[in-house]
Amino acid sequence: DTRTATNLLWAVAVVHRKVPAVKELVPELSRQLPNMISKMNAQDVCNSLWAVATLQRHEPTLLDLVSDLLERARRLANLMQVEDVSSTMWVLRSLRGIMTSFRS
C-alpha cells in the first residue's frame with residue numbers, strides 16, 4: 001500500500017549509508033510509487049520528497065518522481081503540518097540545482 005511504500009523509501013534514505021544493500025529496493029519502489037502519488041497524504045508526500053532528495057546522488061532515477069510529488073504537495077499544502085512545510089522547503093533547497101527543469 002501507499003504508506004508502506006513511502007515508509008520503505010524513507011527507511012532506505014535513512015539507512016543507505018550504513019546498509020548499502022537496502023538500495024536494492026529502489027528500482028521496485030521507483031516503479032511502484034508513480035501509481036501511488038495521487039493517493040498520498042501530506043506526510044507521505046513530504047517523506048517521499050525528503051527521501052528522494054537524500055538519495056538523489058546515489059539513485060538518480062528517483063528524480064523522475066519529483067515533479068509529480070511537488071504537484072501533489074501543492075494540492076495538499078493546506079493540510080500540511082509545520083514539519084511537512086519545513087521538510088518540503090529543505091527538499092526544494094536540496095534540489096535547487098535540478099529544479100529549473102520543473103518550472104512552468
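This briefing walks through the fold, the core and a few individual residues of the structure above. The model is predicted, so local features need pLDDT of at least 70 and side-chain atom pairs count only at pLDDT 80 or more, while totals for chains, interfaces and linings use all residues. Residues are numbered from 1 along each chain as its sequence is written, and side-chain values use heavy atoms, with hydrogens and water left out.

**Fold and dimensions**

- The protein chain has five helices and zero strands, where helices (H or I, at least four residues) and strands (E, at least two) are DSSP runs numbered from the N terminus.
- Read from the N terminus, the order of elements is α-α-α-α-α.
- The radius of gyration of the protein chain is 13 Å, which agrees with the value near 13 Å for a compact globule of 104 residues; the radius is taken over C-alpha atoms, and the globule rule is 2.2 Å times the number of residues to the power 0.38.
- Along its principal axes, the C-alpha trace spans about 35 × 30 × 25 Å.
- Among contacts in the protein chain with a separation of 6 or more, 76% join residues 24 or more positions apart; a contact means heavy atoms within 4.5 Å.

**Surface and charge**

- The protein chain has an accessible surface of about 6300 Å², and carbon and sulfur atoms hold 53% of that surface; the areas come from the Shrake-Rupley method with a 1.4 Å probe, and for residues only the protein chains shown count as cover.
- Of the 104 residues, 43% count as buried; buried means under 20% relative accessible area, exposed over 50%, and partly exposed in between (1.4 Å probe, protein chains only).
- The protein chain carries 13 positive and 10 negative charges, whose mean positions are 7 Å apart.
- In that charge count, Lys and Arg are positive and Asp and Glu negative, with His and the chain ends not counted; the place of a charge is NZ of Lys, CZ of Arg, CG of Asp or CD of Glu.

**The nonpolar core**

- The largest nonpolar core has 30 residues, and L9, L33, V52 and L69 have the most contacts inside it.
- The elements giving two or more residues to this core are α1 (2–15), α2 (26–32), α3 (42–55) and α4 (66–76).
- Helix α3 supplies the largest share of this core, with eight residues.
- Such a core is a set of buried Ala, Val, Leu, Ile, Met, Phe, Trp, Tyr and Cys residues joined through side-chain atoms within 4.5 Å.
- As background, nonpolar side chains tend to be buried together in soluble globular proteins.
- Not counting residues up to four places away in sequence, L9 touches L29, L33, S48, A51, V52, L55 and L62.

**Residues to look up in the viewer**

- S87 sits in helix α5 (residues 82–94) and counts as buried because its relative accessible area is 18%.
- Leaving aside residues up to four places away in sequence, S87 touches C46 and W50.
- A11 belongs to helix α1 and is partly exposed because its relative accessibility is 30%.
- T61 is in the loop between α3 and α4, and its relative accessible area of 46% makes T61 partly exposed.
- T61 and S30 are 31 residues apart along the chain, and their C-alpha atoms are separated by 7.3 Å.
- P20 lies in the loop between α1 and α2 and, at 48% relative accessibility, is partly exposed.
- For P20 and S67, 47 residues apart along the chain, the C-alpha separation is 26 Å.
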